[in-house]
Amino acid sequence: MPGLEEIAARVSAARQDTAARGETFYPGASRVHLAAFPPKERWDDWVELDARRREHRSMLVPTTCFNCESACGLLAYVDRETLTVRKFEGNPEHPGSRGRNCAKGPATLNQVTDPDRILAPLKRAGARGEGRWTQVSWDEALDDIAARIRAAITGGRPNEVMYHVGRPGEDGFTERVLASWGVDGHNSHTNVCSSGARAGYHFWTGIDRPSPDHAGADVILLISSHLEAGHYFNPHAQRVMDAKARGATLIVFDTRLSNTATHADHWIAPQPGSEAAILLAIARHLIATGRHDREFVRRWWNWREYLAAEHPGEEATFERFERILGELYAEYTFEFAAAESGVAASVIARIAEAVAGAGTRLSTHNWRSAAAGNLGGWQVSRCLFLLNCLLGAVATEGGTHPNAWNKFVPRPIHMPGHPTTWNELTWPVEYPLALNELSFLLPHFLKEGRGRLEVYFSRVYNPVWTNPDGLSWVEALTDTDLVGLHAALTPTWNETAYFADYILPMGVGSERHDVHSYEQYDGQWIGFRQPVLRAARARLGETVTDTRDVNPGQVWEENEFWTELSWRIDPDGSLGIRRHHESAARPGEKLTVDEYYGHMFEHSVPGLPEAAAAEGRTPLEYMRRYGAFEIRSGVGPVHEEEVPAGVLDGAVDDAFGRVYSPVPPVPGPNIVPVATPEPDAEGRRPVGVRVDGVVRRGFPTPSGRLEFYSRTLAEWGWPEHALPGYIRSHVHPSALEPGQKVLISTFRLPTQIHTRGANAKWLNELAHTNPLWIHPDDAAPLGVAMGDLVRVETEIGHFVLKAWVTEGIRPGVVACSHHMGRWKPAGHTDGGPRQVAATVDLAKAGDRWSMHRRRGVEPYGSADPDTRRIWWGDVGVHQNLTFPVQPDPISGQHCWHQAVRVRPAGPGDAYGDIAVDTAKAHAAYRRWLARTRDATAHSPDGTRRPYWLMRPLKPSRDAYLLAEEPADGPLT
Amino acid sequence: MALSPELFRALGALCEPPDPAHARLTEALGLPGGADAEAHTAVFVLQLVPYASVYLGPDGMLGGRAAERIAGFWRALRLRPPAEPDHLAALLGLYASLAEHEYAEAEPARRLMWRHARRTLLAEHLLTWVPPYAQAVAATAPGFHAAWARLLTGALAAEAQELAAPPSAAHLRDVPGPPRPGDETFVRALLAPARSGLILTRADLARGARETGLGPRAGERAFVLRSLIDQDPAAAFGWLAAEAAGWRKRHDSAPPGVPAGHWADRAESTRRALTDLHHAAMEMTHVS
Ligand code: SF4
């Protein structure tokens, strides 16, 4: 037997030999200190053994996950022999995700190999929605669509072209395509998602998202289930856990015991809609005990503007303001908050103390959740950020930053101008302050005759399933007078695609190009999404110029698609469209993705050309190889930066210290969207704000400061909400009828991807149903036990599902995840994700719809042997169909929470049953519409909307003017 | 001469779930055969989970103060504790990297600091439990794992001599007293290795049932042990006393450099208590 020293030496030598051969000695990333993670020097030829100890040589090619917004880095292991992807793992070079992913990232492989995916363009063969399809060429589809768009544009009907997006790809890409067509046709899903939270942040900072520095925080306050199901599932979750490992305190407000809540030091389950009341009680505590950062408030809040507007004639001192501030929130005692929320005053007091102790290391985040559930939900994020503003925890280490400072959107090669039209179908006059398009009201607007659509693109979006009131969508989409042509750009089958004229297959995360940047820590990075097989072939010396050549079947990517479509709309360039899609290097030729990204990385990403040159690569080669680049870290408080003297030549101050300069702006490389405060009467642009004599950059708000007081809200018809406040929700206990409960429907299953998961088999095996969470105290009086069928009745219909009796939900509240409940109409010969979609009978009698489940899912034979191993049959219930639209009159956000009645299912009820009355749905829409204060009556300046507010695809200024007598104005 | 740190990292990697890459490690270490998934599960999941806290904690359970103390050690080194800071693979990996830092350090004072950290890790968090743990593996597992356990003990013993690891350790100073008959936590204390000086696995209890002719009942170990005692206290205590005597001998034969005093003392106290109980039970049997 050899001695220990000899054995030890042998192990060392074996590791060195193995590493020298480019192979892995230790298995995967394990507890042995990541000793085995493939070093990037070996990404061209990496060797691994499979379970049978066979060698596999791979090229490791980075891309960016597309399965949620976080844009984590992925590394595709491309087999060198077969040139197929073997697996996806994390990309350690990505500064946001740092090599880590959630379950959905590696499941990209399932999407690539999905046996039910759409591999070629399809055109409907029968009536719309009948479910019969024929394969067509890309040319045929492109020519048909292009001709209709051209006719709409040249015929003076640009507003009949609409693009409706769910998961956006590259920031601003499609907006620029639409701008190049001169069309105000951008429509997003944001008003069913995050616009409530955005509005709250936007009114404070002129930037509509927060960037919490969780990793540096001492106290983290989440009104969302960020750790497992929020928008920043993995990049934020890992930083929250970093902070916890350092001893930070985690506070979670969630009516439901989420996975995030299980990690909290303080978890409270408030009455839905009472969150702002609790936050104001905490704010009152900070003010009353003098724990707020007085200097920060004095320097950065627009208190002078507030005093001038609301207390004219009184002394305008900070001390006076502080006294008023104390009085403003005096009523929000812990006892008041306790009465509203059902959370004990002593618990709220403890949380308030924890927040008070955080100082400038308080990171907070609200996304969806309460802001998306309630009437007035936008005040939740506004009140949450009030805590940061009180403590001075704004853009500090461990505080919350405005997202635009932690994000980098590189300027592209072409920047078309603003469209000159205004689309009332997406930006109706009743909602002048809505942060995003009133997308979910579209069917009602169409039915009311506010307009029609000649060409409607749904793009990685499934409004029939995702939006409330999906059957009104079905009614609009099946009416060919209202929607002339519907093209669904989607990688997978979905409930909206069933009602399309064309289905145009687009690649999944490893089959398309995009550049991304998101706020995940105090830094700026870009991530590159690319078709990994295209990049792999390029490494082997091949030239690929059309992504269809490497994608499965005829699956394409949108960048090339939009260029091609734009050329066909304007083949000779006479409409002025084509020039925005032409090569700069070879005028008269189409812009290629290589030129587009090559130009961007060369000219608009500081530091990237130098980093690439150091390795002897072009910037594009660098990004194709590593997939991500960090531009800056430790950005810090941008608002404190001094404005350079040169910019201040001829500058003037207004009465509150806003500084305007005649010096024209110099376009920078980062075109991240922020608000655009108005110039002064002489046309000088706002460049900063004077703070104690020094001109600093400040915030992109009209005042240049943090807007505690919103002059915009005051002037546009909502003076009672000009300050952060508490609005009682539409599901406040006082608004409920006896016997009604609140239904929470906004939460996700952390391993599902809305409907894009489709046949991601690993994910479907993990999560495939959505029972009704109900507390034992609520279930017992109904005689309902675990697994029993219950009927949930909403204002417009009902759905039937199984009960999940749990103490993880507040009594009086029930909850059902918005994931799951996928379906496919019986009789459709093609299509449908067979692992997750039940086969249903969908019937209509007058305005009454019914959906009845024929069968759930079952094993089936396919190219993937695993489809024979499907063991689940239950795929959940599509509750959103039974929800009326409930737009918040200010933010425009759909208020998801529902007032419902829960009963044991009756003898005629079966699992998955849905009943909906779309006449009632329309009546509900009218009732909510009546809450609005429209621009024609309330605009202070004859425009439709405050120009300074952010807006995707901003039209030119002239388009903002209200028509003297609107030809097809609001039908109220 | 100091051993290559790679030896410890490799030994640690082998208590991770089996992976094709283990073949190379096995070969380099000269271990017989290979570990299949079933054997791995039997040893590391079902019988002898490789976490320090189980063998050092007052209740013989995962986590708790012992795990926290080890996590504190990681933090003291300005390292973020991994999810399972007291897992043997993590500790051996850490040991290897501390040694690598030490050998790579040119500055003598810093080198000494790394060495001190490694010595502390060895004395406090490895030698306090790994030798009896490895003996339990060697005694119950088939060839591959038994050989792994012997190699591990040998390697640690060599390091203990090389570094002159001090015998006292905070973990063991804090352990509550040995199992006391009449105490209602007596059975739990027997199953807490640091208290009793014994490591009793599920397999050991099944063997005990066989050897005493008693009926094994399905359940957690405390339940199984209680049911053996309930069925026939004299037989059960007799068997347990013999086990304690066996463990006493094993501890006494610990290799040079491995401090085994605490373990031997505890096994002896436990043996005496069990012997008394056995005698008392015998008398009861005769009286009735
Ligand atoms: S959090 Fe998950 S789904 Fe989202 S980008 Fe990252 S890996 Fe993909």
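This is a predicted model: local features need pLDDT of at least 70, side-chain atom pairs count only at pLDDT 80 or more; totals for chains, interfaces and linings use all residues.

Me: Let's start with chain A. Which domains is chain A divided into?
Reply: The assignment divides chain A into domain 1 (212-406), domain 2 (640-714) and domain 3 (737-929).

Me: How many Å separate the centres of domain 1 and domain 2 of chain A?
Reply: Taken over C-alpha atoms, the centres of domain 1 of chain A and domain 2 of chain A are 27 Å apart. Their contact involves 25 residues from domain 1 of chain A and 21 residues from domain 2 of chain A.

Me: And what area is buried between domain 1 of chain A and domain 2 of chain A?
Reply: The figure is about 2100 Å², and carbon and sulfur atoms give 64% of that area. On the domain 1 side of chain A, Arg299(A), Trp300(A) and Glu305(A) supply 36% of the area buried against domain 2, which is more than any other three residues.

Me: How many salt bridges are found across that interface of domain 1 and domain 2 of chain A?
Reply: Four salt bridges are found across the interface of domain 1 of chain A and domain 2 of chain A. As for Glu305(A), this residue forms a salt bridge with Arg711(A), where the closest N and O atoms are 2.5 Å apart.

Me: Switching to chain B, which domains does the assignment give there?
Reply: Chain B has domain 1 (5-173) and domain 2 (186-287), and the centres of these domains, taken over C-alpha atoms, are separated by 26 Å. The contact takes 26 residues from domain 1 of chain B and 21 residues from domain 2 of chain B.

Me: What do domain 1 and domain 2 of chain B bury between them, and which residues of domain 1 lose the most area?
Reply: The two domains of chain B bury about 1800 Å² between them, with 67% of it on carbon and sulfur atoms. In domain 1 of chain B, the residues that lose the most area to domain 2 are Gln47(B), Gln135(B) and Leu172(B), together 25% of what that side buries.

Me: OK, now the two chains. How many residues of chain A and chain B are in contact?
Reply: On the chain A side 28 residues are in contact with 35 residues of chain B, and the chains bury about 2600 Å² between them, 62% of it on carbon and sulfur atoms. The count of salt bridges between chain A and chain B is two. Arg15(A) forms a salt bridge with Glu6(B), the closest N and O atoms being 3.1 Å apart.

Me: What surrounds the ligand?
Reply: The residues around the ligand include Cys65(A), Cys68(A), Cys72(A), Cys102(A), Lys104(A) and Phe233(A). By class, that shell has six nonpolar, five polar and one charged residues.

Me: Last topic: how many cavities of 30 Å³ or more are there, and what volume has the largest?
Reply: The structure holds 14 cavities of 30 Å³ or more, and the largest cavity has a volume of about 350 Å³. Among the 24 residues lining the largest cavity, those closest to its centre are His189(A), Tyr461(A), Thr466(A), His754(A) and His818(A). The lining of the largest cavity is made up of seven nonpolar, 14 polar and three charged residues.

Me: Where does the largest cavity lie?
Reply: The largest cavity lies between domain 1 (212-406) and domain 3 (737-929) of chain A, because both of these domains give residues to its lining.

How values were computed: Residues are numbered from 1 along each chain as its sequence is written. Chains are lettered from A and ligands numbered from 1 in the order in which they are written. Side-chain values use heavy atoms; hydrogens and water are left out. On a 1 Å grid over the protein atoms alone, a cavity is a set of points where a 1.4 Å probe fits but cannot get out, and a pocket is an open set with protein on both sides within 12 Å along at least five of seven lines; lining residues have an atom within 4 Å of a point. Grid points are joined across faces, edges and corners, and a volume is the space filled by probe spheres set on the points. Ala, Val, Leu, Ile, Met, Phe, Trp, Tyr, Cys and Pro count as nonpolar, Asp, Glu, Lys and Arg as charged, and the others, Gly among them, as polar. Domain bounds come from an automatic or database domain assignment. A residue is near a molecule or strand if one of its heavy atoms lies within 4 Å of it. Contact means heavy atoms within 4.5 Å. Buried area is the accessible area (1.4 Å probe) that two parts lose on being put together, summed over both. A salt bridge is a side-chain nitrogen of Lys or Arg within 4 Å of a carboxyl oxygen of Asp or Glu.
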